[in-house]
Structures are given as C-alpha cells and as structure tokens.
Amino acid sequence: MKKTTVTGLEEKWEVLLVYFVSLLGFIFSFLKYDYLSENIKFHYRQAGTIWLIYAVMFAASFILGNVVGFSIVSYIFRCITVILYIFRIITVVKSFENTRYEIPVVADLSKKIYNE
C-alpha cells in the first residue's frame with residue numbers, strides 16, 4: 001500500500017484529523033514530501049488557513065474586545081467561528097465521499113498564502 005499522508009492514515013481519516021486539529025494542518029502544509037497526493041495537500045493548506053484565521057481573530061478579539069472595549073467585535077468573531085465549524089464539518093463529510101470541497105473564502109485565501 002502506497003503511503004499518501006504524513007501520519008500513514010487513510011486520506012479521509014487524515015482530513016478529519018487536520019480539520020479538527022487545525023494546527024496540524026498548518027504544520028503539515030509546509031511539508032515538502034513527494035508522496036503526498038494533491039488532494040491531501042489541498043486539505044492541509046485549507047485547514048492551515050483556518051488555523052491562521054482563528055489565530056488572527058483571537059488576537060484581534062483580545063485586543064479590541066478586552067483592551068479597547070468593543071464587545072460587538074467579539075460577537076462577530078464568534079459568529080465567524082461557528083460558520084467555520086459548520087464548513088469544516090461539511091468538508092470532512094465531503095472528503096468521506098471522495099469529493100473535494102473548497103470553503104468559499106478560505107480556499108481562495110489559502111491559494112494566495114501558499115502560492116498555488
């Protein structure tokens with residue numbers, strides 16, 4: 001059996017892992033292994049971009065919500081977080097069906113970040 005993921009799991013289980021532990025997707029997206037399939041690289045990059053979005057939102061929410069006192073910003077970021085969780089679940093379900101699903105804004109952002 002040919003290894004196509006970093007951990008050696010099947011692609012669908014690896015996709016589940018990187019979307020629910022987005023930091024792993026961010027770390028795995030920088031690996032330059034030849035044996036990785038394009039599909040799994042795409043999911044690594046998309047999950048890594050989600051982690052970056054969460055990190056930026058957390059920092060901005062902390063600064064704007066706690067220091068400056070804009071509570072509406074924290075509410076908006078919580079709404080974005082819920083939407084991203086829903087899209088992550090949809091993406092994992094689609095990957096179990098062997099279908100690639102691009103999260104609307106996140107996929108475009110990941111293409112810009114990772115120079116695809």
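Predicted model: local features only at pLDDT ≥ 70, side-chain atom pairs only at ≥ 80, totals over all residues.

Reader: Where is Asn98 found?

Author: Asn98 is in the loop between α4 and α5.

Reader: And what is phi of Asn98 near?

Author: Near 60 degrees, a positive value in a residue other than glycine. Most residues other than glycine have a negative phi.

Reader: OK, zooming out. How many helices and strands does the chain have?

Author: The secondary structure comes to 5 helices and 0 strands. Read along the sequence, the pattern is α-α-α-α-α.

Reader: What does the C-alpha trace span along its principal axes?

Author: About 55 × 25 × 20 Å.

Reader: What percentage of the residues is buried?

Author: Buried residues make up 35% of the 116 residues in the chain.

Reader: And the accessible surface, what does that come to?

Author: About 7100 Å², and 67% of that belongs to carbon and sulfur atoms.

Reader: What about contacts, which share comes from residues 24 or more positions apart?

Author: Taking the contacts with a separation of 6 or more, residues 24 or more positions apart account for 68%.

Reader: Charges next. How many positive and negative side chains are there?

Author: There are 12 positive and 9 negative side chains, and the centres of the two sets lie 4 Å apart.

Reader: Where does the charged end of Arg100 sit?

Author: Over the ring of Phe42, 4.4 Å from the ring's centre.

Reader: Speaking of rings, how many aromatic pairs does the count come to?

Author: The count comes to 7 aromatic pairs. One of them is Trp13 with Phe96: the ring centres are 5.0 Å apart and the planes are at 90 degrees, so that pair is edge-to-face.

Reader: Which parts of the chain does that pair link?

Author: Distant ones: Trp13 is in helix α1 (residues 11-20) and Phe96 is in helix α4 (residues 71-96), 83 residues apart.

Reader: Which residues do ring pairs link into a cluster?

Author: Phe26, Phe30, Trp51 and Tyr114.

Reader: Let's stay on Trp51. Which helix is Trp51 in?

Author: Trp51 is in helix α3. Its relative accessible area is 28%, so Trp51 is partly exposed.

Reader: What does Trp51 touch?

Author: Not counting residues up to four places away in sequence, Trp51 touches Ser22, Leu23 and Phe26. Phe26 is one of the residues in that ring cluster as well.

Reader: How about Thr49, buried or exposed?

Author: Buried: Thr49 has 0% relative accessibility. The place of Thr49 is in helix α3, which covers residues 38-68.

Reader: What is Thr49 in contact with, leaving aside its neighbours within four places in sequence?

Author: Val106, Leu109, Ser110, Ile113 and Tyr114. Tyr114 belongs to the ring cluster with Trp51.

Reader: Switching to the segment before α1, where Thr7 is found. What does Thr7 touch?

Author: Glu14, Leu17 and Phe28, not counting residues up to four places away in sequence. Thr7 counts as partly exposed, at 40% relative accessibility.

Reader: Last one. Where is Lys32 found, and is Lys32 buried or exposed?

Author: Lys32 is in the loop between α2 (22-28) and α3. At 72% relative accessibility, Lys32 counts as exposed. Lys32 and Ala59 are 27 residues apart in sequence and 29 Å apart in space, C-alpha to C-alpha.

Note on methods:
Residues numbered from 1 in each chain as written. Heavy atoms only, no water. Helix = DSSP H or I, 4+ residues; strand = E, 2+ residues; numbered from the N terminus. Buried < 20%, exposed > 50% of the residue type's maximum accessible area, 1.4 Å probe, protein only. Contact = heavy atoms within 4.5 Å. Phe/Tyr/Trp six-rings, centres within 6.5 Å; stacked < 30°, edge-to-face > 60°. Lys NZ or Arg CZ within 6 Å of the ring centre and 35° of its normal. Areas by Shrake-Rupley, 256 points an atom, 1.4 Å probe, with all protein chains shown as cover. Lys, Arg positive; Asp, Glu negative; His and termini not counted. Charge placed at Lys NZ, Arg CZ, Asp CG, Glu CD.
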